[in-house]
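Please take the sequence and the structure below side by side, and follow the text through strands, core and surface in turn.

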Amino acid sequence: MPQSVVQAAHKQFDVTHLDTASYLAPEKMRAALQEFDAIMPTLGDPLDAAAFINLPKPRCKILANFGVGVNHIDLGAANAVGIIVCNTPDAVTDATADIAVMLMLMAARRASEGEALVRSGNWQGWEPTQLMGLHMSGKTLGVIGMGRIGQAVARRAHFGFGMKVVFHNRSQVNDLDYASQLTDAQAVAKAADVVVIAVPGGAQSHHLIGKAFFQAMQSHAVFVNIARGDVVNELDLIAALTSGEISGAGLDVYENEPVVPQALREMANVTLLPHMGTSALEVRENMGHMAVENLLAWSHGKTPPNQV
């Protein structure tokens with residue numbers, strides 16, 4: 001955790017800080033639920049249904065998640081044993097949207113291939129037809145999931161690159177005069193030159209994107225995922241890239257993080273980032289302070305501002 005977040009927590013609570021990059025083992029997480037009043041977990045900490053089995057009255061009463069995604073937490077199981085869950089939504093929106101645009105450009109303009117060519121020492125100089133990619137300005141962006149982050153990506157694409165925006169969302173989204181809502185995800189896939197996935201993770205969106213979606217995409221189109229890795233059937237994505245059903249991809253998340261399939265790692269037309277959508281110090285600090293604010297509100301008997 002950023003030091004300012006650790007210091008803020010210590011000012012308000014008796015803190016045990018696990019200062020390591022690794023996640024808690026499942027048995028240690030179950031023990032923590034019995035030992036601590038509150039826990040600030042991160043996206044890889046094991047809080048699925050198994051973590052709450054046979055814990056009818058755990059000591060822990062709040063999980064103040066460090067991050068917006070809570071698909072690693074079984075909300076029903078947590079609530080059933082009296083634990084509330086909070087997240088940090090507003091802090092991550094712009095940083096994640098920025099990463100989406102970066103991946104859009106890198107995949108469309110084949111930037112990863114270009115950098116690899118220069119680093120290899122094999123670049124022979126400028127050529128008229130070298131590494132020609134997709135000119136993104138003026139093209140059509142398709143967004144799956146038009147929440148805070150989806151809208152932030154859409155605004156950047158439309159007002160920054162003059163892109164037409166189409167999207168699919170589970171509920172009706174109003175007052176977006178620069179974007180058109182389509183009836184289903186396949187319609188977005190068929191219309192778009194660039195597709196960005198921005199839906200929340202969880203059981204409802206598991207493998208939402210798969211074979212049918214990729215078959216609907218245009219062969220020159222690029223695919224970007226900044227949501228959660230298991231929203232996409234990774235094997236179907238690999239098949240679509242291998243067969244040429246789509247032109248390329250930009251990924252910041254993976255189905256079985258931190259494991260990234262060798263097939264993806266070997267594809268020159270795929271840009272791979274290590275889940276760094278919010279990796280700017282001020283953003284991570286904002287996330288942490290928002291989590292501490294959730295804890296502080298709870299400790300004073302108030303409803304946390306970002307309870308899920």
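In β2, isoleucine 62 is the bridge partner of alanine 38, where strands (E, at least two residues) and helices (H or I, at least four) are DSSP runs numbered from the N terminus. Two bridges join β1 to β2 (residues 62–64), and these strands run parallel; two strands count as paired if DSSP finds at least two bridges between them. The model is a predicted one, in which local features need pLDDT of at least 70 and side-chain atom pairs count only at pLDDT 80 or more, while totals for chains, interfaces and linings use all residues. Residues are numbered from 1 along each chain as its sequence is written, and side-chain values use heavy atoms, with hydrogens and water left out.

The pair belongs to an open sheet of three strands, ordered β1-β2-β3 with parallel pairing. Because β1 (38–39) and β3 (84–86) stand at the edges, each with a single partner strand, one side of each is left without a neighbour in the sheet.

Another parallel pairing is that of β4 with β5, which are joined by five bridges; in β5, valine 166 is the bridge partner of glycine 142. In a regular strand the side chains alternate between the two faces of the sheet. Both faces of β4 are covered, with Thr140, Gly142 and Ile144 buried on one side and Leu141 and Val143 buried on the other (buried means under 20% relative accessible area, exposed over 50%, and partly exposed in between, with a 1.4 Å probe and protein chains only).

Which residues touch the most other members of the largest nonpolar core? Of its 39 residues, they are Met104, Leu141, Met146, Val153, Val194, Val196 and Ile226; such a core is a set of buried Ala, Val, Leu, Ile, Met, Phe, Trp, Tyr and Cys residues joined through side-chain atoms within 4.5 Å. The elements that give two or more residues to this core include α4 (89–108), β4 (140–144), α6 (148–161) and β7 (194–197), and the largest share, 11 residues, comes from α4. Apart from this core lies another, of 31 residues, among them Val166, Ala189, Ile197 and Ile246.
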